[in-house]
Amino acid sequence: MTEPDNPDVAVVDCATCDGGGVTSHRCTCTWYGDQLIVDADQPTTADPNPGGTAYRDCQVCLGTGTTCATCDRCAGLGRRRAQLVYTVANADTAAVASVSIVPGALDPVHRDGRWSLDLDAVLADLAGQTGVEHLYDPEMPDRDIVLGGLLLPRDWRPDLPEARRYALEAEAIAGCAAYPWRIWLGHAASPQRPDPARHLGRLCALAELLCLDLVVEARPDPYGDDRHRWQLRLELPDTAVGDDFAGGVGSGDTLDAAIVAADITTIATGLADRSRAAPAHYLRPGRPSTPAEPSTPDLDQLERRMIADCVALGTGEPTPGAHAIWRDGRWWHTSLRVVAVVEELTERATGQIRRRTVDKLARAWQPPPPSWQGPPIPSEPCSYCVPEQGLRRCVCTIGASTADPDCRHCGGAGRAGRYAAGLSRCFSCGDTLQIRYGAVVTVTDGRHWARHLNWAVPDSAVFDEAAAAPGIGSQPGGKPIHQVPPPLRLATHLDDLAVRGQPITGPDQLAPLDDYESLLTQELWYGHVTLDHPGQEPFAAYLANVANGRPGGRVLLHAATPDAPPLARVLALAYGLGLALIVTVADHRHHAGTPYQTQGVSWGAYVAAPGASLGLRAYPHQSSLGHALAHAMEYVCGSARSAVPADPSTAIAVPQNVPSPPPDGPEPDGLVPLLSLLAAHYAGETVIVVLAASHCDVYLRDGPEITRRVVAAADLPRAVERVRHIR
C-alpha cells in the first residue's frame, strides 16, 4: 500500500466488474417476460434481476436475456483509483483550497455503530481556509450541500494493522470515486434571504406586468403523511394541468422555501412546453409598462387555504392537489381532480410496448378570463402534423420537394412518429399543432419594465405588399428574403429602453425568458423572412415564423445583462484550479447587409485541462462575453473533470492557494480588447484562444472536429503580435 502523500495512489479492483472491465446483466426484457405488450405497473417477475423469460424478439439482447457492456464505473479498466479530491474555491477572491482523500489521510469517526470518514467536516475546513461563508454547487445552487460520512467496511477497526486499515479504506474510497474531483464555489458572505411574503408580492406584480398567470401549486407528498410539495411557475390561461410538477421549475418542501427559490427566470423556465397547447390571444392595449406597487400576501392564509383544497369536501379524501392563481390582482383558488384515466402506449428500447394508465388532471373550475386577454390570434391547423396518429413531417423533407426514399427515419413515407422523425419539434408549428398568423412580443428586464407588441398581418388597404415588404436578397439556394416594415421590426420599439443604464442596440442583448431554444432573435430584430414557397405572402410567413412553437403566440424576451464575474476573476479562478480558460469568438460584423448570415460577435468560454482536446464545446454560442463567462462558471465542475488522469494509478492534482496573474502580461481585463482584435483579424472564422498560466495558444476551427493551431506564445499579447505578422 502506497503512502498517502506518494504521487502514485492506491488502486483497487473494480467491485462492479470484479476487475474484468465488462459487466453482464439480465436484460430488461426479462422484467416482463416473452410478450410484446407489457403492463408497466405489474412486471411478470417479482425480482427482475435473477430470472425471468427473455423476450424472443428483443432488440437489445436478441432474445438471449443477457447483455454485456463496458463497465461504466471504471471505464472498462477493471481498476479504480482510491483517491477523492475535494476543492473549495472562493468565487470572489479566487482563493482555492483542496484536500486529497486517500487511505490514512483522515481519522475515521464512529457514529451510529459504524466507522466513517466525516466529509462534512472536510468541506467546512476547506470553506474556512478560503474565507467562504456561503458554499454552493454551481450546477445546483439552490440545494443545500450535505455530504454526510463515507462509510467504511464493517471489518474496519482502529486496532487493525495499518496495511489492513488502509486496504479497507481504499476499498471504500474507490467505491465513491465515480466523480473523483469535486469542486464547490463560495462567496465570502451569504446572500441575503428575501422575506417570503414580500418576495411573493414582487413576483405577483411581475406576473401582472407580463400578462401571465402566477400559479402556486401544492401536491400531497407521496412519501410523507400530511406533508405537501410546493411549486411556483408562470403559465398562460387555460394551460393543461400536468401529471406531476412541471419540469425545469424549482420547487420546495414548504411554501416559504419554494417562494425564496423562485425568481423571474426560474418560474418562466419551461413555459413553452407546459403552455404549448394554450389558446393564443392578443393583449388588450393600454397595459402598464412598469410593475404595480407589490402587495404583501398573507402566506399563512394562502397555505391554509391550499392545504384545505387538497382534501375533498364531504368525503375527506385527498385530492391530487390544489392551485392558487394570481390573476387580475387577486388569488383564485381551486382544487385539482381526475377527469379521465387514459391508457398510454410507449415503445421500450427492447422493442416491447409498455402500457400504463395515467390519471389526467384538471382544475375543479377555471377563474374568469383575465382583463388583459384580447381577441384570438388567427390560426390554422398545421398541415405537417397528424396528431391523431402521432405523426409529423420528417426531417428529410426540409428544403426538398419529396421525401428521401432511403431516409432512416420515415423510409420514404415523408412522415414518421413524433419522436422518430429526426426532429425534437415540428419545424412548422413547434408542436403547437397550429400555424398562427400573429404574435405578441414582450420584452422585459425582469424587474422594472415590460413592453408588449401586438403584431398582426397589416390591412391590405394600408400597406401595399410589394412596397411594404420588399425583397432584399436570397438564400444561397435561391429562396427570396424579404424585409417587413418597421412596425414589425423589434429594433423600432426598443430604442428608448435601457438595461443597467445601457441602451438596447442589438439582438445580442436579448435572450428567451422561458429558455425556448428555437428563437430567431436576429430575424425579429431586422424583420427578415425567407419565403419557402412561390407566391407565399411575406407578412403571413413572417408572423408564422415568429409565433412558431410559441405558447399562445407569446414571444417572451429577457433584456438583462448576466450576473457574471469579470474575465479577470474567472481567469484567476481557472489558474488557481490548475486549469486553462478556453475562450471562443467569431466576428460576423462584416456580414452586415447580408440577411441570411449571422450578424455581430459571438462568444463562448469554458474551463478545461491545459492539454485537453478541443471538442464541440469550443464553439461561440453566446451573445456576449459576459453570457459566456456566466456559462463557464455554471459548468466549471463538470468541465474540470477533463483534468482527471485516465490512468487510475496516476494521482489527481490537488490545487491550492490563490493564483497569480499571467506572467509579463497586462491586467486580465485588458485581455478583452486583444480577444476582440483576434476575432476581427480572422473575421468570419471561429477563433479559439487557450489561456493557460504558462502559455497561450490560438486555434482556428476548420470543421466540426478539426482545429488548426496558428500561434503558440507565452501570453496573449505576444500571440496577437505574432498573428499580425502571419497575414
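## Glu344 and Lys360

Glu344 is partly exposed, at a relative accessible area of 23%. In this predicted model, the side chain of Glu344 forms a salt bridge with that of Lys360, with an N to O distance of 3.6 Å. Glu344 belongs to strand S18 (residues 330-347) and Lys360 to strand S19 (residues 353-363), so the pair ties together parts that are 16 residues apart in sequence. Lys360 is also partly exposed, at 29% relative accessibility.

## Other salt bridges

The structure holds 22 salt bridges. One of them joins the side chains of Asp532 and Lys479, 3.4 Å from N to O. This pair links distant parts of the chain, 53 residues apart: Asp532 sits in the loop between strand S33 (528-530) and helix H10 (538-546), and Lys479 in the loop between strand S28 (471-474) and strand S29 (480-483). Asp532 is partly exposed at 42% relative accessibility, and Lys479 is partly exposed at 30%.

Asp715 and Arg718 form another salt bridge, in which the closest N and O atoms are 2.5 Å apart. Asp715 is buried, with a relative accessible area of 5%, whereas Arg718 is partly exposed at 40% relative accessibility.

## A negative surface patch

Asp195, Asp256, Asp298 and Asp300 form a negative surface patch. Asp195 is found in the loop between strand S12 (181-187) and helix H3 (196-210). Its relative accessibility is 39%, so Asp195 counts as partly exposed.

How values were computed
Residues numbered from 1 in each chain as written. Predicted model: local features only at pLDDT ≥ 70, side-chain atom pairs only at ≥ 80, totals over all residues. Heavy atoms only, no water. Patch = residues over 30% accessible without salt bridge, like charges linked within 9 Å, V, L, I, M, F, W, Y side chains within 5 Å. Areas by Shrake-Rupley, 256 points an atom, 1.4 Å probe, with all protein chains shown as cover. Salt bridge = Lys/Arg side-chain N within 4 Å of Asp/Glu carboxyl O. Lys, Arg positive; Asp, Glu negative; His and termini not counted. Charge placed at Lys NZ, Arg CZ, Asp CG, Glu CD. Helix = DSSP H or I, 4+ residues; strand = E, 2+ residues; numbered from the N terminus. Buried < 20%, exposed > 50% of the residue type's maximum accessible area, 1.4 Å probe, protein only.
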